[in-house]
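Subject: Structure handover

Hi,

My notes on it follow below.

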Amino acid sequence: MSTSPTHDEPGPLLGPADIRELAAALGVRPTKQRGQNFVIDANTVRRIVRTAQVRPDDVVVEIGPGLGSLTLALLEAADRVTAVEIDDVLAAALTPTVETRLPQRADRFALVHSDAMQVTELPGPAPTALVANLPYNVAVPVLLHMLAAFPTIERTLVMVQAEVADRLAAAPGSKVYGVPSVKARWYADVKRAGSIGRNVFWPAPNVDSGLVSLVRRTEPVRTSASRQEVFAVVDAAFAQRRKTLRAALAGWAGSAAASEAALVAAGISPQERGEALTVEEFARIAEQKGAAQ
């Protein structure tokens with residue numbers, strides 16, 4: 001089977017035949033356990049790079065590059081790309097794929113063979129952008145970890161399960177607004193940036209996918225509370241989302257009365273529910289904990 005580019009897929013990007021050939025040569029069978037669904041459509045990866053607004057001076061970090069479909073498209077557009085891959089077989093194959101298909105850019109590529117949740121530093125210059133097709137089962141924790149660990153990341157574009165995309169991009173008052181929505185907004189302005197069909201993946205997932213854009217806030221949330229303190233309030237508020245904040249935050253504050261006092265001091269009705277609050281309002285509540293005790 002030829003791996004030469006077709007008229008639909010000029011240049012070094014991987015097409016469906018290339019992906020299957022690579023996978024067969026490596027003995028790779030995509031696993032549900034790691035949420036592996038490989039993108040097999042060159043036009044889709046080009047679209048992701050365009051939507052991510054990758055610039056020639058960008059240092060891009062990619063999580064879960066798989067067989068390298070998106071990696072190659074990013075390398076064409078960015079100054080350099082660092083890919084973080086947990087899978088032993090995929091990690092071993094990625095650099096040879098880059099060297100074969102984009103030899104002139106191979107010195108601009110770095111591989112980190114690790115679990116993204118454990119990564120706290122990366123080789124080379126600090127990353128300016130994060131672009132990734134995130135495994136669905138770990139998408140939110142990985143995204144939040146990377147935003148926390150690498151404050152130089154200004155722009156992020158992730159492809160995630162459509163339902164997760166909706167949750168991340170949800171605004172206060174929405175039915176799907178919750179912990180991921182609030183925590184993502186601690187770091188960034190978040191919006192839906194498109195939808196991706198199932199047929200561009202191998203194997204085709206049984207859910208649709210969505211793109212989420214996160215642009216780092218130019219000014220952090222103004223608060224005297226730490227991120228951990230604010231996130232503790234968020235977690236408590238949504239652990240029992242049907243309850244009023246007075247009841248939901250009773251454990252966090254020490255008692256329902258202390259919870260009510262903290263809420264009133266923060267200028268928030270004790271009868272309100274978590275899904276109505278902005279990240280700034282959660283921060284105001286967090287500031288009251290010491291004062292309420």
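Start with the loop between strand E8 (201–202) and strand E9 (209–216), where Pro203 is found. Helices (H or I, at least four residues) and strands (E, at least two) are DSSP runs, numbered from the N terminus. A cis peptide bond joins Trp202 to Pro203, with omega about -10 degrees.

Before the rest, the ground rules. This is a predicted model: local features need pLDDT of at least 70, side-chain atom pairs count only at pLDDT 80 or more, and totals for chains, interfaces and linings use all residues. Residues are numbered from 1 along each chain as its sequence is written, and side-chain values use heavy atoms, with hydrogens and water left out.

Most residues other than glycine have a negative phi, and most peptide bonds are trans. Gln53 sits in the loop between helix H2 (42–51) and strand E2 (59–63). At 55% relative accessibility, Gln53 counts as exposed (over 50% relative accessible area; buried is under 20%, partly exposed in between; 1.4 Å probe, protein chains only).

Now strand E5 (129–133). Five of its five residues are buried, so E5 is largely enclosed by the rest of the structure. Ala129, Val131 and Asn133 cover one side, Leu130 and Ala132 the other. E5 pairs with E2 in the parallel sense over two bridges (pairing needs at least two DSSP bridges between two strands). Leu130 is the bridge partner of Val61. On E6, Leu130 has Thr156 as its bridge partner. E5 and E6 run parallel, joined by five bridges.

E5, H5 and E6 make a right-handed β-α-β unit. Right-handed means that, with the strands pointing away from the viewer, the path from the first strand over the helix to the second runs clockwise. Helix H5 (residues 139–149) is mostly covered, with eight of its 11 residues buried. Those buried residues pack against E2, E5, E6, H6, H7 and E9; contact means heavy atoms within 4.5 Å.

Last, the cores. A nonpolar core is a set of buried Ala, Val, Leu, Ile, Met, Phe, Trp, Tyr and Cys residues joined through side-chain atoms within 4.5 Å. The largest has 59 residues, and Leu214 is one of those with the most contacts inside it. Beyond its neighbours within four places in sequence, Leu214 is in contact with residues including Leu143, Leu147 and Thr156. A second, separate core of 39 residues includes Leu13, Ile48, Ala83 and Phe109.

Best wishes
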